[in-house]
Amino acid sequence: MSQKVAVLGTGKIGEALLSGMIRAGWSPADLLVTARRPERAEELRARHGVNPVTNSEAAKTADTLILTVKPQDMGTLLDELAPHLPADRLVISGAAGIPTSFFEERLAPGTPVVRVMTNTPALVDEAMSVISAGSHATEQHLAHAEEIFGGVGKTLRVPESQQDACTALSGSGPAYFFYLVEAMTDAGILLGLPRDKAHELIVQSAIGAAVMLRDSGEHPVKLRENVTSPAGTTINAIRELENHGVRAALIAALEAARDRSRELASGKKD
């Protein structure tokens, strides 16, 4: 772990990666950060002991660059990096919707690029990070990306052609669960529960259900059937969900998220 890694545009996800790497054994002295605001860079130095640098300094000195800026800012960042970035440095992109070809066309020929879609549970070390190789990325480059992102959760390799679907499913996925918890909390209030008690009931139920899904090895249909008694409360609730087209709405929502990811890849911003 003596290689230098730079996180460029270090927001919440970038900081989560930094802290995960440090917990995994990386030396803060080998970790570089860039930030748009100088006070943010100093905050990262004080909190984690890492070294704030400019984008051009990161390009010159880091072995691996993790680009975590917003998709609409990526082109400008690459223009700044390209004159200083040797072709043997690994570039890892965390920007939604932007293909590896976008980077390969703007950087030195042969630059290895790995595309990663992670999600906000990286903040609590429970991320789902999906990893794809660009044209010049090797097994070693993919393993290095897994080593970095494995510090904040689970990793999964997929062909890049599946990245837009993964963005819709897991990149945006936490928001769908938060939305569901919000709706269920409102329902609990409607049924006469105080908000704090409704929230606690739902959150613990969600945690328990997630652990069962992860650890039991059972299909979700089987787990649902185990809760669904004949003529009971659960089957009546599920009937209403089906009557209101919740399953179809979820499928349509994920298709919309996938399509937006494709639009971002094509450069459409509105």
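Trainee: Which hand does the crossing of H1 and H2 have?
Mentor: A crossing is left-handed if the near helix is turned anticlockwise from the far one by less than a right angle, and right-handed if clockwise. H1 and H2 cross in the right-handed way. By the way, this is a predicted model, where local features need pLDDT of at least 70, side-chain atom pairs count only at pLDDT 80 or more, and totals for chains, interfaces and linings use all residues. Residues are numbered from 1 along each chain as its sequence is written, and side-chain values use heavy atoms, with hydrogens and water left out.

Trainee: And what is the angle at which H1 and H2 pack?
Mentor: Two packed helices are described by the angle between their axes and the distance between the axes. Axes are lines fitted to C-alpha atoms, for helices over the stretch in contact, and angles run from 0 to 180 degrees between N-to-C directions. Helices (H or I, at least four residues) and strands (E, at least two) are DSSP runs, numbered from the N terminus. Here helix H1 (residues 12-23) and helix H2 (residues 38-48) make an angle of about 20 degrees, and their axes are 12 Å apart. H1 is therefore roughly parallel to H2; angles under 35 degrees count as roughly parallel, over 145 as roughly antiparallel, 65 to 115 as roughly perpendicular and the rest as oblique.

Trainee: Which residues of H1 and H2 meet?
Mentor: Contact means heavy atoms within 4.5 Å. On the H1 side you have Lys12, Glu15, Ser19 and Ile22, and they meet Arg40, Leu44, Arg47 and His48 in H2. Sorted by class, that contact has two nonpolar, two polar and four charged residues. For the classes, Ala, Val, Leu, Ile, Met, Phe, Trp, Tyr, Cys and Pro count as nonpolar, Asp, Glu, Lys and Arg as charged, and the others, Gly among them, as polar.

Trainee: How do H7 and H12 cross?
Mentor: The axes of H7 and helix H12 (residues 246-265) come within 8 Å, crossing at roughly 130 degrees. That makes H7 oblique to H12, and the crossing is right-handed. Asp164, Ala165, Thr167, Ala168 and Leu169 in H7 touch Leu254, Ala257, Arg258, Ser261 and Arg262 in H12. The class count for this contact is five nonpolar, two polar and three charged residues.

Trainee: What about H7 and H8?
Mentor: Helix H7 (residues 163-171) and helix H8 (residues 173-190) have axes that come within 5 Å and cross at roughly 30 degrees, so they are roughly parallel to each other. In H7, Ala168, Leu169, Ser170 and Gly171 meet Gly173, Pro174 and Tyr176 in H8. That contact has four nonpolar, three polar and no charged residues.

Trainee: Now the sheet: what is the order of its strands?
Mentor: Two strands pair if DSSP finds at least two bridges between them. This open sheet of eight strands, with mixed pairing, reads E3-E2-E1-E4-E5-E6-E7-E8. Strand E3 (51-52) and strand E8 (153-157) are the edges, each pairing on one side only. Inside, strand E4 (residues 64-67) and strand E5 (residues 90-93) run parallel, joined by four bridges.

Trainee: Which strands does helix H4 touch?
Mentor: Helix H4 (residues 74-81) packs on the sheet against strand E1 (5-8), E4 and E5, and its direction makes about 155 degrees with that of E4.
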